[in-house]
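This briefing goes through a structure model topic by topic, for a reader who wants to check each point against the coordinates. Please keep the sequence and the structure open while reading.

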Amino acid sequence: MLRLFSLVVTTCLIYYSKNQGPSALVAAVGFGIAGYLATDMLIPRVGKSFIKIGLFGKDLSKPGRPVLPETIGAIPAAVYLFVMFIYIPFIFYKYMVITTSGGGHRDVSVVEDDGMNSNIFPHDKLSEYLSAILCLESTVLLGIADDLFDLRWRHKFFLPAIAAIPLLMVYYVDFGVTHVLIPGFMEHWLKKTSVDLGLWYYVYMASMAIFCPNSINILAGVNGLEVGQCIVLAILALLNDLLYFSMGPLATRDSHRFSAVLIIPFLGVSLALWKWNRWPATVFVGDTYCYFAGMVFAVVGILGHFSKTMLLLFIPQIVNFIYSCPQLFKLVPCPRHRLPKFNEKDGLMYPSRANLKEEPPKRIFKPVLKLLYCLHLIDLEFDENNEIISTSNMTLINLTLVWFGPMREDKLCNTILKLQFCIGILALLGRHAIGAIIFGHDNLWTVR
Ligand code: UD1
Ligand code: MG
């Protein structure tokens, strides 16, 4: 009944969008609901087939370690891509409905004023949109390959940057801005208002395409956390977009509308995945979803021209990455899984540990470990000779447990998600308040 009702609402929204002015966002909501319904219907139906072909994993934090289908993230990713294909005529509908000036000439478009005020078909917008889809498709392929073959870090690390080439190409041709603003107080000293990073700006954007997918993949291992963090990120990005819908210059408004058009359907498919992956999970999302979701944010940040604001929303992922570096770069041993340890007796999660007795850390890093321990940033275990035996694994998830003590898996996930949301809100407030003070303006309003 609820599904039928949602289907009717979706149809109405999509139909309405075809007939009214500022239509793309209304259609996005309709397609978001359609994406949710399709994903929610497919996931329980495909689980067994995934297990049959070997795509499964053990839930390490449940009694008896039950087997769950893995790589289920491929379903929301595929639904999203299909939705985005079907969406194309709806976004560009108004440019396609044309009146003729007689003699069968198709030279005058019917245009409604919703920001993109032009009577010429916006090939630039379509190429941005298509490059985004192309980039996401390559990323989903990479994710599926990783789930199937468990690719090595050195083999898969640079691939997202290659997937982002179409995106960077379109950015170069259509926008091409590689300047970054200089804070007001430094303008007088440097005698300029911006610096041109040139090629380095493209290196930065390619790095973002590498960072976003991988950073989501390593903040993982607790039921619901991979999808949960992406839902929080999507909501924060939408809140930021919302600020621009009625304020700011036309071009910025346009960029943020484009961002919302990509994010709303993503939110729809992710909410359906969350329903099945949240505690107690019945499916695992796999690396496919982590890479796909991370790339959605990279694409939105790059094509929406607010990549630096997007990175502000990724503060918890950035902190988790920096904190993980000693293990990622093998200064401290890094076990295959760093997810917290489940204690069957009390049903709670405890920080998981890396054994430093069998595999000692690099000698120069021992004092650093002790310093981190004094700062209460890791938990160390010592033997009778005061030698380090083990350390808690360096992830934000384990750190949460070191700080707040053992907790149940769902509470742990919710704590991290709340933290992500609060940091994101503070980052947005800082971006639009302090940013405007430092730079004299932000692209929302002017201070001086
Ligand atoms: C990343 C992390 C790894 C973490 C893993 C968990 C790094 C460098 N890598 O590796 O430390 O253990 O993610 O996803 O930080 N699983 C659960 N419960 C969950 C989610 C996953 O038990 O809620 C287990 C399952 O056995 C599942 C496996 O983790 O099969 C998936 O691991 P995978 O995504 O392949 O690990 P990586 O992404 O390589
Ligand atoms: Mg993973």
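Val-195, Leu-197, Leu-199, Trp-200 and Val-203 make up a nonpolar surface patch, and together they have about 490 Å² of accessible area. The model is a predicted one, in which local features need pLDDT of at least 70 and side-chain atom pairs count only at pLDDT 80 or more, whereas totals for chains, interfaces and linings use all residues. Residues are numbered from 1 along each chain as its sequence is written, chains are lettered from A and ligands numbered from 1 in the order in which they are written, and side-chain values use heavy atoms, with hydrogens and water left out.

**Surface patch**
- Patches are made of residues with over 30% relative accessible area and no salt bridge, like charges being joined within 9 Å and nonpolar side chains (Val, Leu, Ile, Met, Phe, Trp, Tyr) within 5 Å; the areas come from the Shrake-Rupley method with a 1.4 Å probe, and for residues only the protein chains shown count as cover.
- Helix α10 contributes the largest share of the nonpolar patch, 3 residues, while Leu-197 is found in the loop between β6 (194-196) and α10.
- Helices (H or I, at least four residues) and strands (E, at least two) are DSSP runs, numbered from the N terminus.
- Leu-197 counts as partly exposed because its relative accessibility is 33%, where buried means under 20% relative accessible area, exposed over 50%, and partly exposed in between (1.4 Å probe, protein chains only).

**Magnesium ion (ligand 2)**
- The protein donors of the magnesium ion are Asn-217 (OD1) and Asp-287 (OD), which lie 2.0 to 2.1 Å from it.
- These two residues link distant parts of the chain, with Asn-217 in helix α10 (residues 199-218) and Asp-287 in helix α13 (residues 286-303), 70 residues apart.
- Both Asn-217 and Asp-287 are buried.
- Donors are N, O and S atoms within 2.8 Å of the metal (3.2 Å for Na, K and Ca), and water is not among the atoms, so sites may look incomplete.

**Ligand 1**
- There are 19 residues around ligand 1, of which Lys-58, Glu-70, Asn-217, His-337 and Arg-338 come nearest; a residue is near a molecule or strand if one of its heavy atoms lies within 4 Å of it.
- Both β1 (56-58) and α10 supply at least two residues each to the shell around ligand 1.
- An oxygen atom of ligand 1 lies 2.7 Å from a side-chain N or O atom of His-337, and the corresponding distance is 2.9 Å for Asp-287.
- Of the 720 Å² of accessible area that ligand 1 has on its own, the protein covers 91%.

**Salt bridges**
- A salt bridge is a side-chain nitrogen of Lys or Arg within 4 Å of a carboxyl oxygen of Asp or Glu, and by this rule the count comes to 11.
- Lys-275 and Asp-40 meet in a salt bridge (3.1 Å, N to O); Lys-275 lies in helix α12 (residues 250-277) and Asp-40 in helix α2 (residues 23-52), so the pair ties together parts that are 235 residues apart in sequence.
- Lys-275 is partly exposed, with a relative accessible area of 36%, whereas Asp-40 counts as buried at 3% relative accessibility.
- Lys-125 and Glu-128 form a salt bridge with their closest N and O atoms 3.8 Å apart, and both residues are buried.
- Asp-59, Lys-62 and Glu-409 are linked in a network of salt bridges.

Notes:
A polar contact is a pair of N or O atoms within 3.5 Å; within protein, one must be able to donate a hydrogen and the other to accept it, and residues adjacent in sequence count only if both atoms are side-chain atoms.
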